[in-house]
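Please study the sequence and the three-dimensional structure shown below.

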Amino acid sequence: MSALMGFVAGVTLCIWLAELPDWRWLLAGAVLGPSSRGLPTWVRPALWLAAGLSLGLAWAVWQAAQRLAMRLPAALDGQTVERVLTVRDLPVRGRHGFRVLVRVEPDAAGRMPMPSLIRVHVAGGELWPAGSRWRARIRLQPVRATANPYGFDAEAWLWAQSILASGQVIGLPRRLGDAEDGAARVDRLRARIAGRIERVLGDTREAALVTALTVGAQQHIDRAEWQLFARTGVTHLVSISGLHVGMVAGLVAWTMRQWLRRLPAGRIAPRVWVALSGLTAAGAYSLLAGWSVPTRRTFFMLAVACLLLCWRRALTPFRIWWLALAAVLLFDPFAVYFPGLWLSFGLVAALMTVSVGRRRPPDKWRGMIQGQWAASVMSVVPLVGFFAALPLISPLANLVAIPWISALVSPLCLLAAALPIDALLHLTAWLCSGFYVFITWCAGAPMWSLPSPPWPLFALGMLGSLWLIAPLGWAGRLFGALLLAPLLSYAPPRPGAGQFRATVLDVGQGLSVWIRTTRHDLLYDTGLPAAEAVVLPNLLASGVRRLDALVLSHHDADHDGGAPSLVEALPIGVLWVGQPESAHVLGMPYRRCRPGLRWQWDGVRFELLWPDEHWRDSGNNSYSCVLRVSGTHGSLLLAGDIPREVEAQLVARHGRGLASTALIAPHHGSRTSSSPPFLQAVAPHWSVISAGWRNRYGHPHPLVLRHYRAVGTAALRTDRLGAITLDFSAPPTVSGYRLTAPRHWRPMPEASGGSARYRP
């Protein structure tokens, strides 16, 4: 038992490593367990724990090293190569073509000087069917995504999926003969089923949900539906997760058991047939779902349970739980990157805690209530840690939605896919529409947002949750509540009086700057609509429950595109806009940015410098709100997308009054901005350029970077450093997220990207 616990801990520990140690040295610690023979009894568990830890860490490090060796070589970065590509999974349509996952075949010499699995974008033309093969020229680049302290970490997800490069198809590809391996046949089957669902049910949200539950393709579910699932805590039901696979396996096993009762006894024990039938059903459903991480996890768990059942090994439920978790990580050590692993295993452990070891099992209704209580309590800490939010309606929503989706809709989806009866699909869609009606009603309930805690409080909260659900009486539950209280009452530290902190979030090709004082929060721009997956999670995880001010610099999608979802999620004190068009879709009162408007929060002064009401220009950029924030230890100038003409106006009006410690570079470092006279007037120590990695606009322009170097300004870039935080304390400092939170799987900034901390 100790060795299994150590193995799981060792595999998990690998996530946090900035650099990978030599796995061969770690194997040396594995001898501690066998060498404990003959030692005192109380010493042996500790040595076996250490041995398992060394073995688990060595295994995870070795697997990670193998994956690092598969990364795109620097010599191929940006190069165009011609290869034969086999389509894996189903293609995903977009506004500018489609995206598809392909496996690269070795070249003529049998070499593979590039990742075997890459994500390719095709600008147009014929859709590449699943399992098809193409000869195409592709321009390669390593995968890169935004890097922020909180929110969805796409780079970690891609790393865990072994997607280490992406490509753009150049020219016209040529189709070859289709692949005939097992994976291609399964993918073609999935594509046929998805196509039939679309033909019968049309382009509806019910059809998208049926497709997701049948073949695991979630790309047709709209962002609005995902927000609905998140607000009600039922996101895990929408994908083919362990719950669905386990339910189907259980249904098939039960059917087999009922059938065997009517047959004479054979040489093979009925329990073996029951176990194997359930495992076979789980494997088939997992393959149909694309063999995703949640389905693989459930299949390995069931395989362990079936093996023990066939061997008739007398193990306690918790030993089986640890053995199943260790088996999952043995087959797939990268599963630890997915919150679903910990949520699913944690909830199973919670259910066992309230049911195992009792002298008298509770009745059905009492047991169901206790199970729901245990699942709700044990989900608090992971949900706060991973998502910084607790849907208060989640217990009720799951109480209805779990049997509705897992026991009714999912089996009916599979039956409708197997039988050519369109009425079954229509019945399934009708049930899905009822599900949508219910969760839409549930979505009106409030969300409880909590800041993401540091790891000591996280560990303390997990321990408190276990004490709360364990059968230890009221004294034990009170102790558990006391352990959980620090996590629920945690408030992140904020700047002192006269100080402020500004974080330029990494929103790709866009801008969003969050400014904190002692008691107030201001957000300057929101980035593109897709940036809501970055801005809102980072605000909530940092304890922001209300924005005292939202400044939308001007009406461009990369600056105000994420405002609607943000305004819906958080109360806004004052809305400042450079152009009224930014506020029209929000349906709330606003104020126009005008020169000379000032206010003060906690000893920090805010002053608007532009736009002038008499200025006339045909473009939106000239109407950007220019905001200067100054505290006791430094100042920050935010310039939106102003062009050189507006920069000249500001220099003429304010001169050296523009001088600031830091500057948010105008227009993402475009050559139409950052003129030498403007930079000489501002004279910033740092300039932060918010731009997408290898964006199609070529931002920041090399000429602009030379301008910054000419005035002695350090140009910091979100595309290299991730989110950049400027702390205007004594003395002011700056840090980049990629350097303050390094991981072996996270791309690090180039040497020219600057250091993690700078001082004037």
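**Confidence in the model**

The structure is a predicted model. Its chain has a mean pLDDT of 87, and 93% of the residues reach 70 or more. For residues 751-760, by contrast, the pLDDT is below 50. Beyond near neighbours in sequence, this stretch still has 28 contacts in the model. Where pLDDT is low, the predicted coordinates should not be read in detail.

**A pocket and the cavities**

Rolling a probe the size of a water molecule over the atoms shows where empty space is left. The second largest pocket holds about 510 Å³ of space. Its lining consists of 24 residues, and those closest to the centre of the pocket are Arg71, Pro142, Val143, Arg144 and Pro747. Helix H4, which covers residues 154-160, gives the most to this lining, with three residues. By class, the lining of the second largest pocket comprises 15 nonpolar, one polar and eight charged residues.

The model also has three cavities of 30 Å³ or more. The table sets out the spaces whose volumes are discussed in this report.

| Space | Volume | Classes of lining residues |
|---|---|---|
| Largest cavity | about 60 Å³ | nine nonpolar, one polar, no charged |
| Second largest cavity | about 40 Å³ | three nonpolar, three polar, one charged |

Which residues line the largest cavity? They are Val11, Cys14, Ile15, Ala60, Ala64, Pro333, Phe334, Val336, Tyr337 and His744. Nine residues of this lining are nonpolar and one is polar, while none is charged.

The second largest cavity is lined by Thr526, Glu532, Val535, Leu536, Gly562, Ser565 and Leu566. Helix H19 (532-541) and helix H21 (563-569) each contribute at least two residues to this lining. H19 gives the most, with three residues. The lining of the second largest cavity divides into three nonpolar, three polar and one charged residues.

**A buried histidine**

His554 is placed in the loop between strand S11 (547-552) and helix H20 (557-560). Is His554 buried or exposed? Because its relative accessibility is 0%, His554 counts as buried. Its side chain makes a polar contact with the side chain of Asp641, at 3.2 Å. Apart from neighbours within four places in sequence, His554 is in contact with His559, Asp560, Gln579, Ser582, Asn620, Asn621, Tyr623, Ser624 and Asp641.

Glu82 is placed in strand S1, which covers residues 80-94. With a relative accessible area of 41%, Glu82 is partly exposed. Not counting residues up to four places away in sequence, Glu82 touches Arg135, Ala136 and Arg137. How far apart in space are Glu82 and Pro173, C-alpha to C-alpha? The distance is 9.7 Å, although Glu82 and Pro173 are 91 residues apart in sequence.

**Features of the backbone**

Two cis peptide bonds are described here. One joins His699 and Pro700, with omega at about -5°. Pro700 is found in the loop between strand S19 (686-689) and helix H25 (702-710). Another cis peptide bond joins Ala730 and Pro731, with omega at about -10°. Pro731 lies in the loop between strand S21 (724-728) and strand S22 (733-736).

Positive phi values are the next topic. Asp525 is not a glycine, yet it has a positive phi of about 70°. This residue lies in the loop between strand S10 (521-524) and H19. Asp525 counts as buried because its relative accessibility is 0%.

Arg694 likewise is not a glycine and has a positive phi, of about 50°. The place of Arg694 is in the loop between S19 and H25, and Pro700 is found in the loop between strand S19 and helix H25 too. Is Arg694 buried or partly exposed? At 44% relative accessibility, Arg694 counts as partly exposed.

How values were computed: Residues are numbered from 1 along each chain as its sequence is written. This is a predicted model: local features need pLDDT of at least 70, side-chain atom pairs count only at pLDDT 80 or more; totals for chains, interfaces and linings use all residues. Side-chain values use heavy atoms; hydrogens and water are left out. Helices (H or I, at least four residues) and strands (E, at least two) are DSSP runs, numbered from the N terminus. Buried means under 20% relative accessible area, exposed over 50%, partly exposed in between (1.4 Å probe, protein chains only). A polar contact is a pair of N or O atoms within 3.5 Å; within protein, one must be able to donate a hydrogen and the other to accept it, and residues adjacent in sequence count only if both atoms are side-chain atoms. Contact means heavy atoms within 4.5 Å. On a 1 Å grid over the protein atoms alone, a cavity is a set of points where a 1.4 Å probe fits but cannot get out, and a pocket is an open set with protein on both sides within 12 Å along at least five of seven lines; lining residues have an atom within 4 Å of a point. Grid points are joined across faces, edges and corners, and a volume is the space filled by probe spheres set on the points. Ala, Val, Leu, Ile, Met, Phe, Trp, Tyr, Cys and Pro count as nonpolar, Asp, Glu, Lys and Arg as charged, and the others, Gly among them, as polar. pLDDT is the predictor's confidence in each residue, from 0 to 100.
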